[in-house]
Amino acid sequence: MSPTPALFSLPEARTRFTKSTREALNNKTIKPLLNAFSQLPGSENEKKCTLDQAFRGVLEEEIINHSACENVLAIISLAIGGVTESVCTASTPFVLLGDVLDCLPLDQCDTIFTFVEKNVATWKSNTFYSAGKNYLLRMCNDLLRRLSKSQNTVFCGRIQLFLARLFPLSEKSGLNLQSQFNLENITVFNTNEQESTLGQKHTEDREEGMDVEEGEMGDDEAPTTCSIPIDYNLYRKFWSLQDYFRNPVQCYEKISWKTFLKYSEEVLAVFKSYKLDDTQASRKKMEELKTGGEHVYFAKFLTSEKLMDLQLSDSNFRRHILLQYLILFQYLKGQVKFKSSNYVLTDEQSLWIEDTTKSVYQLLSENPPDGERFSKMVEHILNTEENWNSWKNEGCPSFVKESEELTRLWNLCPDNMEACKSETREYMPTLEEFFEEAIEQADPENMVESEYKAVNNSNYGWRALRLLARRSPHFFQPTNQQFKSLPEYLENMVIKLAKELPPPSEEIKTGEDEDEEDNDALLKENESPDVRRDKPLTGEQIESFANKLGEQWKILAPYLEIKDSDIRQIECDSEDMKMRAKQLLVAWQDQEGVHATTDNLIGALNKSGLSDLAESLTNDTETNS
């Protein structure tokens, strides 16, 4: 009788896995866990669940003992390795991350999140993405709820960027499909005129303890007053506009629009009259602005009345307000799918928005530093934003284009590699077909001007070089002739090909070469077959014989004294036997030069035992004679 299989014991397995996890942490290797997993009895499911619990138990101990973040991250890294080795469930690393971030203070959460950011490629892999995307989304949302939007702006931004990298662009959970506004973003300011301090002088403010910040106003500079007084009335109207920027649909209401119109005209009039060149901004501050300075970001506007005149003197602050206007105008004019049918601008509103948009861009271009450049950049960004609006209006279609035709072609053959090797996939043109036009243009009688010749086309030249490398032995033959440009080289090759390519219905006249060609033709008529066999092989002969040689090329190679390294290179370059045969003959021709004759090739064929091919080559030579 066979021995009874050992029963799975949960406490024993958990103790063993906990011990192995500790050992793996100390030795910084996953091997102890793999050994324990293979040795313990029970089903894979039971062992995986037990190891998951062991991971959480060890992690809990580390958190309670206030261990360093490195130890915590080492446990999570072990869990990632365990998922890869199929010894724990795919969700385990994400559960551990959630446990850690729930228990640690925010400063340590920053360190843990850095680890999460660095491993975004791991989370996006097939092994982890499906199991972990919801965990990661929930984890990030929990973190955002704990963080302050005004004090932890950088951390919040990192979380948003991580989510943008993790999820695909068309992920619906990350899109504001219905174009909803953040109505919770309320700007709080003083709405009680009785409590206003704007009537007091700046000197009184300083006596009460408000010092001007360093760099705001130099010792030798005095504030220049605006033509429009900065009083509580202006303060109230200025900050009331934030409610329209927060909720633009108010502009479609008649009374609200009139209020917005009145407030906007007054505020923009202040910007026009209160030029930054005439403000109390010190030279030092302007220099900082020109060189970039230290960038400071505020998630919320500071609405203290005492800051009002300083804010109007601040270049960045002014840019923020003007940019808000442009974004609001784009929404009011734009076509938004989820906008109510009642939200339609009147002709008068449209005209005012159009004129005011021009004024806002003008103010931006006058705003230092680099106002004109900044204005053009904003205009470009907002124009690009229209593409996103159109994409959302169309229901956010996927950017991956599915093609039925490509699917059909993909499924034509079950073995794709075999399909690629098929002779029917030979799309390379012959030399005659490709160079026909160039040969005609090279004939002086056709009087084609140089600038209109095909060889001067860079695209044509690139394809010509690839074709010559595959089909013409001239491409690999060394020459002492130097060419200054690719068109000049191709022109020379075209003249050579014109002499060889059959049928030579019309000889190309090339000046000094014309008499030589006529003499060559006369000599050929009087030559005997033996004399012709003693001349170097032509490109046409190589092409023809390579088709016959085919897969027997490797038998012939040693008898042509081709090196083993060259033979291996030929095998690597092409899978097609005819092409390998052609490359062999071209390599032999390059090696032997003028001695690469038909007679020498016939001799090598006979020595290699390919006498049938030798006889065929002899007959072909005599027939062509």
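Predicted model: local features only at pLDDT ≥ 70, side-chain atom pairs only at ≥ 80, totals over all residues.
Residues are numbered from 1 along each chain as its sequence is written, and side-chain values use heavy atoms, with hydrogens and water left out.

**Helices and burial**

- Helices here are DSSP runs (H or I, at least four residues), numbered from the N terminus.
- Helix α5 (residues 92-103) has 12 residues and spans 17 Å from its first C-alpha to its last, close to the expected 16 Å; the expected span is 1.5 Å times one less than the number of residues.
- Nine of the 12 residues of α5 are buried, so the helix is largely enclosed by the rest of the structure; buried means under 20% relative accessible area, exposed over 50%, and partly exposed in between, with a 1.4 Å probe and protein chains only.
- Those buried residues are Thr92, Pro93, Phe94, Val95, Leu96, Leu97, Gly98, Val100 and Leu101.
- They pack against α3 (44-64), α4 (69-84), α6 (106-118), α7 (120-123) and α8 (129-146), where contact means heavy atoms within 4.5 Å.
- Threonine 21, in helix α1 (residues 10-27), is buried with a relative accessible area of 0%.
- Leaving aside residues up to four places away in sequence, threonine 21 touches Leu33, Leu51, Phe55, Val58 and Leu78.

**Backbone spots worth a look**

- As background, most residues other than glycine have a negative phi, and most peptide bonds are trans.
- Histidine 66 is not a glycine, yet has a positive phi of about 55°; this residue sits in the loop between α3 and α4 and counts as exposed at 72% relative accessibility.
- Serine 86 also has a positive phi, near 65°; the residue is in the loop between α4 and α5 and is partly exposed, with a relative accessible area of 42%.
- Proline 368 and proline 369 are joined by a cis peptide bond with omega about -5°, and proline 369 lies in the loop between α16 (347-366) and α17 (371-393).

**Aromatic pairs**

- Rings of Phe, Tyr and Trp (its six-membered ring) pair if their centres lie within 6.5 Å; planes under 30 degrees apart count as stacked, over 60 as edge-to-face and the rest as tilted.
- By this rule there are 30 aromatic pairs.
- Tyrosine 325 and phenylalanine 329 form a tilted pair, 5.8 Å centre to centre with 50° between the planes. Both lie in helix α15 (residues 315-333), four residues apart, about one turn of the helix, and both are buried.
- The rings of phenylalanine 435 and tyrosine 460 have centres 6.5 Å apart and planes at 90°, so this pair is edge-to-face. The pair links distant parts of the chain, 25 residues apart: phenylalanine 435 is in helix α20 (residues 431-442) and tyrosine 460 in helix α21 (residues 458-471).
- Phenylalanine 435 is buried at 0% relative accessible area, and tyrosine 460 counts as buried at 8%.
- Ring pairs also connect Tyr244, Phe245, Trp257, Phe260, Tyr325, Phe329 and Trp352 into a cluster.

**Charges over rings**

- A charge sits over a ring if NZ of Lys or CZ of Arg is within 6 Å of the ring centre and within 35 degrees of the ring normal.
- Lysine 47 lies over the face of phenylalanine 37, 4.6 Å from the ring centre.
- The charged end of lysine 339 is placed over the ring of tyrosine 331, at 4.5 Å from its centre.

Technical notes:
Helix = DSSP H or I, 4+ residues; strand = E, 2+ residues; numbered from the N terminus.
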